[in-house]
Amino acid sequence: MKKYMYIAIGVLAVLVFLVFQMRGMAGLEVSAEDVKGMIDSKEKFTLVDVREVYEWNESHIKQATLVPLGSIATQFEKKFPKVKKDDKIILHCRSGVRSMRAVKMLQQMGYTNAYSMRGGILAWTRAGYPVKK
């Protein structure tokens, strides 16, 4: 009986941890609809695609610049020398996982206004928004 109680407590602890992790990430994400609205309203922000070159070549958002995740730490400031630490930066990948990692990396570099596009380019194309091929 005690064994099952410990297992239940362990599972509950993991679930609570995951909920808090997800709530923390929610503030770091924007939707594809938000990004499309920002583009349409000509809001000033930097859109970065963190996928690999072959993925970019298949299709990409016209306004995005490619900086693969593996080179964010070394190439971001070289590619965007005019981007200030508090400028709005939106990152996207295929589904949102790599771009969330990129957000965390930029935060460690001192960028305070970086967001991941939830669902990545999959959400973008699912919404019917244009891509360049």
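Biologist: Before we start, what should I know about the numbering and about which atoms and residues count?

Modeller: Residues are numbered from 1 along each chain as its sequence is written, and side-chain values use heavy atoms, with hydrogens and water left out. Because the model is predicted, local features need pLDDT of at least 70 and side-chain atom pairs count only at pLDDT 80 or more, while totals for chains, interfaces and linings use all residues.

Biologist: Fine. How many aromatic pairs are there?

Modeller: The count comes to three aromatic pairs, where rings of Phe, Tyr and Trp (its six-membered ring) pair if their centres lie within 6.5 Å, and planes under 30 degrees apart count as stacked, over 60 as edge-to-face and the rest as tilted. For F76 and Y111 the ring centres are 5.2 Å apart and the planes stand at 75 degrees, so this pair is edge-to-face.

Biologist: And where do F76 and Y111 sit in the chain?

Modeller: F76 is in helix α4 (residues 72-79) and Y111 is in the loop between α5 (97-108) and β5 (114-117), so the pair links distant parts of the chain, 35 residues apart. Helices (H or I, at least four residues) and strands (E, at least two) are DSSP runs, numbered from the N terminus.

Biologist: Is F76 buried or exposed, and which residues form the aromatic cluster?

Modeller: F76 is buried, because its relative accessibility is 0%, and Y111 is also buried, at 3%; buried means under 20% relative accessible area, exposed over 50% and partly exposed in between, with a 1.4 Å probe and protein chains only. The cluster is formed by F76, F80 and Y111.

Biologist: Switching to the helices, how do the axes of α4 and α5 cross?

Modeller: The two axes come within 10 Å and cross at roughly 70 degrees, the axes being lines fitted to C-alpha atoms, for helices over the stretch in contact, with angles running from 0 to 180 degrees between N-to-C directions. α4 and α5 are therefore roughly perpendicular to each other, on a scale where angles under 35 degrees count as roughly parallel, over 145 as roughly antiparallel, 65 to 115 as roughly perpendicular and the rest as oblique.

Biologist: Which residues make that contact?

Modeller: On α4 they are I72, A73 and F76, and on α5 they are A102, M105 and L106, contact meaning heavy atoms within 4.5 Å.

Biologist: Now charges: how many salt bridges does the whole structure have?

Modeller: There are seven salt bridges, each a side-chain nitrogen of Lys or Arg within 4 Å of a carboxyl oxygen of Asp or Glu. One of them joins E43 and K88, at 2.9 Å from N to O. E43 lies in the loop between α2 (32-40) and β2 (46-49) and K88 in the loop between α4 and β4 (89-92), so the pair ties together parts that are 45 residues apart in sequence.

Biologist: Last one, what is S59 in contact with?

Modeller: Leaving aside neighbours within four places in sequence, S59 is in contact with R51, I121, V131, K132 and K133. S59 lies in the loop between α3 (53-58) and β3 (65-66), and S59 is buried, with a relative accessible area of 14%.
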